[in-house]
Structures are given as C-alpha cells and as structure tokens.
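Below is a briefing on one protein model, written for a reader who works with coordinates.

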Amino acid sequence: SDLKFFISLFVLVFYFDAAGFTKYSIFVTSMLFLLYLFYKYNKTYLSFMYALYISMLLLLPAFFISLNIGVEYSSYNSYSLYALVYIAIYVFITMASYQIIGLKASKYNPSIFNLYYPTRFDGIGFYKKKLMLLLFLSLIAKIYLNSLGQFRMLDDEQSSSIVSYLKVISQLDLFVMLAIGFHYKNGYHKELFIFYIFTSIVVISTGVLGGSRYSVIVVFIVIFFNHFHFFRTKMLLIAPLAIPIMMIFPILGLYRNSGYTLGIIESLELAMNNTDLIANVMGILLDMMNYLGVVSTVIEEFKYNSDYLFDYLDNFIAMVPRLAWPDKPIIGIDLNDLGIQLGILAPSNTNTSIGLTVIGESFYQLRNFGLIVAIFQGAMFGFLEKIKITESLVAYVYYFYAISLLLFLDSYSYFLPQLIQTSIFLFVFGYFFNKPMSRKDI
C-alpha cells in the first residue's frame, strides 16, 4: 500500500507538471511520502499534527507553485533549492530523533514523563460545577482585559504582570474543553454533551469578538484532539470542512482591519462579494499560510552570513527575576522588526509579525548548525509520546499544551519560560480536579 501511495503521488505530480518532473516536484513528492510513513507507523495525534503542519505550511505552497498553480495569489513565487534541502534535512532529523532518542531513551525512566495522577471526582454533577466555575473565570478575565484595552487583536499590548496573569486565566476555557473531552471518552456522553457544545460556542464567540483567528481555529484543533481516534478513520469525510474553516481568515481579517467597525455578518458578506471562494482559499494557502516563503527568505538572506546569534540563551536569562536584575534586557526575537529587515513587511507596518517557524529560526540563529535544534525538537516529541494520557487529566491536558508549544511556536528563544508557566498553570488547575489515589486504591 505504501508503494501504491508513492506511485500515485508521483504520477499525479508528473501529470500536472508540464515542464517535466522538476527538482521542486521531486522534493515535495519525497517529503510528502516521508511524512505519510511517519504518521502511518506511529498513528498518534502528535505524528499526524507534525505531518499536517509541515505539509500545509511548508510543502503545499511549493507544490502548487512548482506546478504553476495559483502563482498570482502568492507573494513568494520562487524558492531556492538550498532552502528546500535544509528544510528536508531538518524534518528528517526531527523524525529520526523522535524515533531513536525520544521513544527509546525515555523507556529507561518512564515515571518522569507519565504524570500518573488518577482522576477521581464526586459525581458528574459536581464535576460540571467545577468546569462552569473555570469557564466563568475565563469570561471574567476576558471582560477585564477588554476594559483594559488588551482583549482584541491589534490593541496596544501592555507588559504588566496583571495583564499576563489575566491572559493565562482567560485561556481556562480551553482547559474546560479538554477536561470535558477527557471524561467524554470515559462514557459521560449524555451528561457532558450539552455543556461541551455550549463551551465550544462560547470560545468561538469570544475569539471572533477579539478578532483572533487562532482563538477560533484552536477550538477545532481541541475537538480534533479530543476525538482523534474517531476522526483519523474519517479523514476523507472531514477534509472538505477545511474550506469553510479557512474562510475564517479573510473574514476576521476584514473585521479587525476595519477597526471593529464592521459587524461579523458585514465582514462575511464583504469577503464573499469582493473575491470568489477559490481566490480566498488559494490566497490563504499560498500567502497567509505560506511559511515556506518566510523560511526561504531567511535562509537566502543569511546563508553566507557567518555571524551566529545566541537568542536561545534568553531561555535562561528569562529565569532570572527582574527584581534581582533590574536592567535585564528584553528577551525574544522581534518578529515585526525582522520582517521589515527582510523586506517582507513594509516599514510602516508595526502591527504584524512574520511566521518565522522553528525551522526558520534555527537557520537564522545558527546557520547550518541550526540542524541541532531538530535533534532537540524530535527528542522532546518522543518524550511527550511516553506520557500516559488515558489515565490522568493533568497528563492529557499537558500533552496537548506541550505539543502545541513545541509545534506552533515561531521561536524557541522563549520556550522554557513558557513551558514552565504552562506547567504550573496546568498542575494547579489540574489538581483542582485530580485527587491522587493512595497505593492501596491503585
């Protein structure tokens, strides 16, 4: 079946490629087949999301443009073979590290990664009350952020402690969805179904009001994670849903770029009337979701630059309290400034940042030595796969959040503080539901 898949993919690309089987077509075909094998032989949520992430954001733009499809929709029409080879090697090292270092090495001390705290609760009714309390706290935090002018996208961000804490609390609604999903799998369908739907609607609605595409998309990601074993057998049925979901991007873009003067319905009508559906989808795939263009631009700009950067050390600098180091520098990469430097963003555009991705950042920081980061990323993925997510709410939620951080972050220069903050957050609220059993109960 693997050979049939590869031959079908080869014939498909060869058929569309009028100029013959180009180097880009060969690259894309080989990488797609490699990612297919990676998912097929692991069949986990992590392996699926990694294959999807690389395919959609890095390979699909190159696939279409190499076949001269939808070129008019993209700002990035050429990719160097140098950049594509670097990406291919990075992905291969990540998958090899995942299999060899992560999955194998963690077997020697699995207790570190299992987070084994069996969940007990006093009836589903009492459990729902706890979930409702957390959802209520999330809404209160979002209302307060809105009153401070920190809720909507494009608001001027404040770097105060209270805003940071409020933003953490505002994300409790996702914790609620994951907690429902965990116990939904354990047979509490009827008791939790209505509340599950209600919470999903609340999270989507607040995301729309805030003009945040991610806050809306993440709801569908959480639902997919909660029911992964069901969805993975129905891929062909759910794939068409990607088109209406992608329409969220131009609709919310119009909504927030209008200064929130347009309504959601007006933004929807404008998005549908100004350009047709195909143009919207192609524009999203080949421009707004085209991370390959950014990565290729970074690699082309810096491939002959021998000055290495060491922003990864910011992870340790961030651990020092500002009280102990009053002059501590601002950490992290300014992705807006880098976008302007690369010519991707206009100098007047101060509200947009580029999607650098971890792959692009690795080359930006260490040039070809950035491939070392792939070893770290793959090992972390492998360690996460050793977590037993079926018996512990904390482990279940931690697995999702840690994968999201590792996979979707644009930069690892601030990874460690975010992981620690997320871990503390999850353990505190996870213990709100978890009651560790005694040994005799286990």
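Phe363 has 0% relative accessibility and therefore counts as buried, where buried means under 20% relative accessible area, exposed over 50%, and partly exposed in between (1.4 Å probe, protein chains only). The model is a predicted one: local features need pLDDT of at least 70, side-chain atom pairs count only at pLDDT 80 or more, and totals for chains, interfaces and linings use all residues. Residues are numbered from 1 along each chain as its sequence is written, and side-chain values use heavy atoms, with hydrogens and water left out.

**Aromatic pairs**

- A search of the whole structure gives 27 aromatic pairs; rings of Phe, Tyr and Trp (its six-membered ring) pair if their centres lie within 6.5 Å, and planes under 30 degrees apart count as stacked, over 60 as edge-to-face and the rest as tilted.
- Tyr82 and Phe363 make an edge-to-face pair, with 6.3 Å from centre to centre and 85° between the planes.
- This pair links distant parts of the chain, since Tyr82 is in helix 4 and Phe363 in helix 20 (residues 357-366), 281 residues apart; helices (H or I, at least four residues) and strands (E, at least two) are DSSP runs, numbered from the N terminus.
- Tyr82 is partly exposed because its relative accessibility is 32%.
- Phe376 and Phe415 also form an edge-to-face pair, at 6.0 Å centre to centre and with 80° between the planes.
- Phe376 belongs to helix 21 (residues 371-384) and Phe415 to helix 23 (residues 415-431), so the pair links distant parts of the chain, 39 residues apart.
- Phe376 has a relative accessible area of 35% and is partly exposed, whereas Phe415, at 6% relative accessibility, is buried.

**Charge over a ring**

- Lys303 lies over the face of Tyr82, 4.9 Å from the ring centre; the criterion is NZ of Lys or CZ of Arg within 6 Å of the ring centre and within 35 degrees of the ring normal.

**Pairs of residues apart in sequence**

- Ile89 is placed in helix 4 (residues 81-105), and its 39% relative accessibility makes Ile89 partly exposed.
- Between Ile89 and Leu371 there are 7.8 Å in space, C-alpha to C-alpha, and the two are 282 residues apart in sequence.
- Tyr398 is in helix 22 (residues 393-408) and, at 15% relative accessibility, counts as buried.
- Tyr398 and Phe427 are 29 residues apart in sequence, with a C-alpha to C-alpha distance of 8.6 Å.

**Positive phi values**

- Thr357, a residue other than glycine, has a positive phi near 65°.
- Thr357 is located in helix 20 and is buried, with 2% relative accessibility.
- Arg367 is likewise a residue other than glycine with a positive phi, near 55°.
- The loop between helix 20 and helix 21 holds Arg367, which counts as buried at 6% relative accessibility.
- Gly259, with a positive phi near 75°, follows helix 14.

**Helix 14**

- Helix 14 (residues 248-257) is largely enclosed by the rest of the structure because eight of its 10 residues are buried.
- The buried residues of helix 14 are Ile248, Phe249, Pro250, Ile251, Leu252, Gly253, Tyr255 and Arg256.

**Nonpolar surface patch**

- Leu133, Phe136, Leu137, Ile140, Ile143 and Ile169 form a nonpolar patch on the surface, with about 520 Å² of accessible area together.
- Patches are made of residues with over 30% relative accessible area and no salt bridge, joining like charges within 9 Å and nonpolar side chains (Val, Leu, Ile, Met, Phe, Trp, Tyr) within 5 Å; a salt bridge is a side-chain nitrogen of Lys or Arg within 4 Å of a carboxyl oxygen of Asp or Glu.
- Helix 6 (residues 124-147) gives the most to the nonpolar patch, five residues.
- Leu133 is in helix 6 and, with 41% relative accessibility, is partly exposed.

**Whole chain**

- The protein chain has 23 helices and zero strands.
- Of the 442 residues in the protein chain, 48% are buried.
- Among contacts (heavy atoms within 4.5 Å) between residues at least 6 apart in sequence, 76% join residues at least 24 apart.
- The protein chain has an accessible surface of about 22200 Å², 66% of which belongs to carbon and sulfur atoms; accessible areas come from the Shrake-Rupley method with a 1.4 Å probe, and for residues only the protein chains shown count as cover.
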